[in-house]
Amino acid sequence: MAASPALEAPETVDRTGRRWFYRHPLVIRLAHWVNAAVLLVLLMSGLQIFNAHPALYWGATSTFDNPALAITDVQGSDGRSRGVVTIGSHTLDTTGVLGLSKQGGIEVERAFPSWATLPADQDLATGRRWHFLFAWFLVLNGAVYLLYGVFSGQLRRRLIPDGDQIRDFGGSVREHLLLRFPEGTEAKRYNVIQKLTYLVLVLGLLPAMVLAGLAMSPGMDAAWPWLTELFGGRQSARSVHFIAAGLILLFVVVHVLLVIVSGLVNNMRGMITGWFSLGRDRETAR
Amino acid sequence: MILHRRKILTAGAGLMGTALLGGCDRFAGTEAGQRTLRVGEDANEYVQRLLMSPTTLAREFPASMISPWFKPNGSIDPPDRGYRALAAQNFSDFKLAVDGLVQTPLALSLADLRALPARTQITRHDCVEGWSCIGQWAGVPLGEVLKKAGLKPQARYAVFHCADTLEYEAGPKGGGKGRAQGASLWRPTHPGAVREAYLQLAAADDWGGPATATDAPKDDWGQGSPAPEPEETRTPIRYYESIDLYDAFNPQTILAYDLNGKPLPVSNGAPLRLRVERQLGYKQAKYVMRVEMVESLAGIGQGGGGYWEDRGYEWYAGI
């Protein structure tokens, strides 16, 4: 058995012989759920803001004739409108979802459909209000999580891969792809792919998201011009912000799927009450 | 079994999401909700102003980065008669009024303004909608004009009254300053939509602009309409904006008369537009006719400090 402090976390056995351990401290549980709600509001209000000018560019300014990505509607040769996504020189028909979608039974020309935006109607002003208020919640919640994580040692214990995990990286990938999840004592720690994914999210994607958002602000650009420069200009920062949002959404989808297939009830109980079952295995039967 | 449970959970999550977000829209519609959502704006203004000083400049760019086309947005061709008459004379009769809480009210022609110290700057214009253009602006620093007029000690905000009508108040002229609720007007929801409003209203002959219109709105910047005035039944809402002294005396805050080395085109705000480079595009009032110094924004429009501010946008547009 590898020497990992996580594996030596205290556990209790209930009357039925089931092993339990306290997986998530309160601060992390709260931070997790606040983050989930805040990210949902930020995503949907972000799509509302995007809809006001549904095109992305690289560099400092907008090259209106030549966007890197655009979600628009075009008039077909038959006179009917179609929703299209244009990426470089490629065009994709996305009628019904992107560019042209139904709102209350009526076809409307909007990049993201009303069910995906906050507010549902086209309302940039209110979308911005939601976005900037909840951006503060994201930052404050993230700061609490990171400070707690660093000073309690939880971040290191939970998210830095142990030596044996790095050595068996290939094996871990194989197990993961086969949807075989660790049981018993090994389930006390995240597997190496999980650890790296969470690290990329909390130290990479989410901070990049906040910084790219700030880089779009003309006030921040005056105060900290290096920040906008870091992203290669305001329009680049806007594109990075959009792509990072897509990656976070991808993470959430995969995360939720894995939570479901790796034991929905146990995982949810863990993130709500803190207690996670390691099962009734041979070790306890002995 | 598991599949079944999963289905229930998925449906449950979907329902919860719908309820949550429907609730969000309802919340945003209430006064308490509106107030809550505004907290973010105060926080942004507070923190951004901690990070800069009154004289911090927005970034300036090399001439090679000037955008080939500077996208005009919002009003692009004011239909107002008074404005059209000025434009027809190439703004030779134009006089910028500077009044309110000043020692000496001024009326400055373009020649007067060009005779004052000038500043030229190549800056990036960031629209609230998300796009950006770089342009070279030349104009007189607002601080120079305000120094010439001399501020009274109570003066806290500079309000910019513009020539372009965006909509009409509901009801008969002078009939209250409330929101134009129930008006049959097409109301723009963001700057880019103003053009559509112009087209629709011009087509509907419901606009003050066309020469055939029977109504000639009286200019509220004191430059009477050239035509004899038939009875006006509606009160035009023209563009207005405001900044505080923190921004008013920033060296880059100028009343610009040139864009890219040429006199400002009508579509970009001729003859004079404001540049407040540390904020978004809607603060950069076009067609500025009058600068009024005030102590409070309460009496301006609906009290938000600007046309878009009174329609939900932030007064502090640094983000």
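This is a predicted model: local features need pLDDT of at least 70, side-chain atom pairs count only at pLDDT 80 or more; totals for chains, interfaces and linings use all residues.
Colleague: How many residues does each chain bring to the contact between A and B?
Modeller: Chain B brings 41 residues and chain A brings 34 residues. On the side of chain B that touches chain A, at least two residues come from each of α1 (2-29), α3 (39-51), β3 (119-126) and β4 (132-141) of chain B.

Colleague: Which element gives the most there?
Modeller: That is α3(B), which supplies seven residues to the side of chain B that touches chain A. By residue type, that side of chain B divides into 18 nonpolar, 12 polar and 11 charged residues.

Colleague: Switching to chain A, what is the order of the strands in the open sheet?
Modeller: The four strands run in the order β3-β4-β5-β6 (chain A), with antiparallel pairing.

Colleague: Why is one side of β3 and of β6 in chain A left without a neighbour in the sheet?
Modeller: Because β3 (55-56) and β6 (90-93) of chain A stand at the edges, each of them has a single partner strand.

Colleague: How many bridges join β5 and β6 of chain A?
Modeller: Strand β5 (residues 81-87) of chain A pairs with β6(A) over four bridges in the antiparallel sense, and A:T86 has A:T91 in β6(A) as its bridge partner.

How values were computed
Residues are numbered from 1 along each chain as its sequence is written. Chains are lettered from A and ligands numbered from 1 in the order in which they are written. Two residues are in contact if their C-beta atoms, placed from the backbone, lie within 7 Å. Ala, Val, Leu, Ile, Met, Phe, Trp, Tyr, Cys and Pro count as nonpolar, Asp, Glu, Lys and Arg as charged, and the others, Gly among them, as polar. Two strands pair if DSSP finds at least two bridges between them.
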